[in-house]
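Please open the structure in your viewer and keep the sequence beside it. The stops below say what to select next and what is there.

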Amino acid sequence: MTPSFTRAHDGAAGLALCFMVLSALSLLAGSCMGIWMGVAHDFVFAPVHAHLNLLGWASMALFGLAYRAWPAMAEAPLARMHLAVSGAGAFVLPLGIALAVAGAPPAVAILGALLWTAGAALFLGGLLRLVAAPAGSATTVPAE
Ligand code: HEM
């Protein structure tokens, strides 16, 4: 089911917006963490900061922009699954890295890595579905 905050933005735009909101949340969390590391002069959690920013902010934003560029890709059920799996992975993996750096077993990091990789596979699946679509049905549409 589409989250209520996307009601005004159905279809591809709504899905892209969900990716962008998760991306901006990661950017804010990762940036706050960067400030904390700088102020505390404690860089032991730098890999957590890097993964929050590069999976959460950069990759999730790229996914969102891809669904805006190829709206036909957002119509497949695969796309909603991609949002759920990559969205979870983008937060579970940094959390798992934080726990592992703090000395806990790496189980959560492994789960996050598997989720993230499954999300990457779903994204590739969506792209390949588009490549295989009949000519003209996967045209690039400029954002309104
Ligand atoms: C307010 C914004 C930010 C602040 C204050 C900040 C601060 C920092 C600090 C203090 C470090 C550790 C440097 C060291 O280990 O000597 C770091 C590392 C890093 N940051 Fe940021 N950062 C910010 C935003 C970002 C963003 C937006 C990205 C990526 C899109 C990013 C990617 C990285 C990466 C890849 C590393 C290296 C991590 C590692 O060595 O394991 N940062 N940042």
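Which residues have the most contacts inside the largest nonpolar core? Select Leu15, Phe19 and Tyr67, which are those residues, in a core of 26 residues; a nonpolar core here is a set of buried Ala, Val, Leu, Ile, Met, Phe, Trp, Tyr and Cys residues joined through side-chain atoms within 4.5 Å. H1, H2, helix H3 (71-74), H4 and helix H5 (107-132) each supply at least two residues of this core, and its largest share, seven residues, comes from H2. In soluble globular proteins, nonpolar side chains tend to be buried together.

Before moving on, note that this is a predicted model, in which local features need pLDDT of at least 70 and side-chain atom pairs count only at pLDDT 80 or more, while totals for chains, interfaces and linings use all residues. Residues are numbered from 1 along each chain as its sequence is written, and side-chain values use heavy atoms, with hydrogens and water left out.

**The whole chain**

Colour the protein chain by secondary structure, and you will find five helices and zero strands, where helices (H or I, at least four residues) and strands (E, at least two) are DSSP runs numbered from the N terminus. Of the 144 residues of the protein chain, 35% count as buried; buried means under 20% relative accessible area, exposed over 50%, and partly exposed in between (1.4 Å probe, protein chains only).

Return to Phe19 and show what surrounds it: leaving out residues up to four places away in sequence, Phe19 touches Met60, Phe63, Gly64, Tyr67, His82 and Leu83, with contact meaning heavy atoms within 4.5 Å. Next select Ser23, which lies in helix H1 and is buried, because its relative accessible area is 0%. Apart from its neighbours within four places in sequence, Ser23 is in contact with Gly56, Trp57, Met60 and Ala61. Ser26 is also found in helix H1 and is likewise buried, with a relative accessible area of 0%. With residues up to four places away again not counted, Ser26 touches Leu52, Asn53, Gly56, Trp57 and Phe91.

Where in space is Gly126 relative to Leu78? The two are 48 residues apart in sequence and 6.7 Å apart in space, C-alpha to C-alpha. Leaving aside residues up to four places away in sequence, Leu78 touches Leu122, Gly125 and Gly126.

**A loop and the iron atom**

Go to His41, found in the loop between helix H1 (11-40) and helix H2 (46-69). Its phi is near 55 degrees, a positive value in a residue other than glycine, whereas most residues other than glycine have a negative phi. Is His41 buried or exposed? His41 counts as exposed, because its relative accessibility is 64%.

Finish in helix H2 with His49, whose NE2 atom, at 1.9 Å, makes His49 the only protein donor of the iron atom of the ligand.

Methods
Donors are N, O and S atoms within 2.8 Å of the metal (3.2 Å for Na, K and Ca); water is not among the atoms, so sites may look incomplete.
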